[in-house]
Amino acid sequence: MTVLDPTCGTGRLLLAAAQVASERGCNIRLVGIELADALACVARAALPQADIITGDATDLMRSMHPDVVLLNPPYRGRMRQPIEGDLERLQSLESSLGSRLGPYTDPATGFVLLSEAVLKEGGQLGAIVPVSIVSARDAAAARAHLARHCITRSIVSAPAPFEAQVNTVSIVLKKRPEPIDAQCNWSSKLATAACVPSVSLPGDALIGDIADVTADFRDEYYALKGHIVECADCPDAHPVLTSGLIDPGVSLHGTHPARVHGERWSAPGVIATRKEDTDAKLGAVIKQRLVPKVLVATQTPVIEAVVDAQGEFLPLTPVIRIVPRDPADLWRIGASLLAPQASALALHRHFGAGRSPAALRLRAVDIAALPLLESSREAACILQELAGGGGDLRIAASQAADLWGGLQGKASEALLDWWWSRLPERCRSSNTPGPK
Ligand SMILES: C[S@@+](CC[C@H](N)C(=O)[O-])C[C@H]1O[C@@H](n2cnc3c(N)ncnc32)[C@H](O)[C@@H]1O
């Protein structure tokens, strides 16, 4: 049996493999490749029985056919400086893996694909890679390829960022004899392992069927720089809603401070009409957003959305806005997102997309693809009460869960408890944030 580590560094993974093989009385051949000769020398000293080659794995491993690949490849990571030749090597990976690597895919995904390509039939790959491989849009083609060609034997997330400052997952794949039609279910496997309840769909209708879901970008965020004022000082200002000012069903604007452009504001607002303050373009951007809508925060433990029935709030990037074609559907959308099932489903679909492994970072398209509950007077009442500063969040969420349906008795209570336990402490201790 040949065990290959194509980016072996000082040989730690190969050393572990040697120990396991010796405990089990197996005879294995160890092969390591490492770009940095200084590290390769350390690996050679630690593993005299192994073949350690200094060189570029993206080139050298193509002619190898190992039974097992152990992989802890280089990550792009937010903090990492590129090493000399990185760009060329990435381009060479892209040219051999074609459309399976999107432009923003972490190079680690390229190493996973290359490892799968060289594995013998029935061979196994154990990889430690950034969690972005599970949910990043640009890794979708790679995931689809790996699902067709490999059985996922296990996937485990490592929540604490280690020295690479990247959240990682450990994946064990076994190469199929023949590719089959299969979908990648890594995200759902991780969600299940993190005790996120499984839920059924309430029907076929989706939020995107009746509403436009949009996210602003950095440009819109920076366009407001210099135009933020305190609402208390400027009665004409439009209140600005940040992600931090959105709790499930309620806006915290005016009752909680917010940070905008690095500064702290008691109640941030923006003036759209003063000529000396704003150019016509900014005025148009603001006007377009001052319509009845539902606003959704990002990087949250559950979906946190609030109905802006009067169209008075200006969402600040990265808040996502949902504008129904018929404003009568606002409360229906709000109830659909308040139902604990929506948060559980979103985690099963997009686990690992947030900054911390269990945080939700839904894109506009992800929200558009979430189920839409039937229109009901009950949904409107629940949400209106909450938005008005009254109501009880737990009861409201339980009613929204009933509208979604599919769960009864203990299962329904367990779902509610799970959702409730993920809420920020301030939501659990007080359902009434006070007057706006
Ligand atoms: C995250 S470290 C992992 C090292 C080792 N596998 C471990 O777990 O300790 C990644 C290693 O890949 C090496 N590396 C980067 N690009 C490479 C390439 N194209 N070919 C071979 N090694 C490479 C780096 O020098 C680094 O030592």
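Ala, Val, Leu, Ile, Met, Phe, Trp, Tyr, Cys and Pro count as nonpolar, Asp, Glu, Lys and Arg as charged, and the others, Gly among them, as polar.

The model is predicted, so local features need pLDDT of at least 70 and side-chain atom pairs count only at pLDDT 80 or more, while totals for chains, interfaces and linings use all residues. Residue numbers start from 1 along each chain as its sequence is written.

## Chain overview

The protein chain has 18 helices and 19 strands; these are DSSP runs numbered from the N terminus (helices: H or I, at least four residues; strands: E, at least two). Of its 436 residues, 41% count as buried, meaning that 20 or more other C-beta atoms, placed from the backbone, lie within 10 Å of the residue's own.

## Helices H8 and H13

Helix H8 (residues 186-193) packs against helix H13 (residues 340-350) at about 125°, with the axes 6 Å apart. Axes are lines fitted to C-alpha atoms over the stretch in contact, and angles run from 0 to 180 degrees between N-to-C directions. H8 and H13 are therefore oblique to each other, the class left after under 35 degrees (roughly parallel), over 145 (roughly antiparallel) and 65 to 115 (roughly perpendicular).

Ser187, Ser188 and Ala191 of H8 meet Leu347, His348, Arg349 and His350 of H13, where contact requires C-beta atoms, placed from the backbone, within 7 Å. The residues of this contact are two nonpolar, four polar and one charged.

Technical notes. Two residues are in contact if their C-beta atoms, placed from the backbone, lie within 7 Å. A residue is buried if 20 or more other C-beta atoms lie within 10 Å of its own, exposed if 12 or fewer, and partly exposed in between; C-beta atoms are placed from the backbone.
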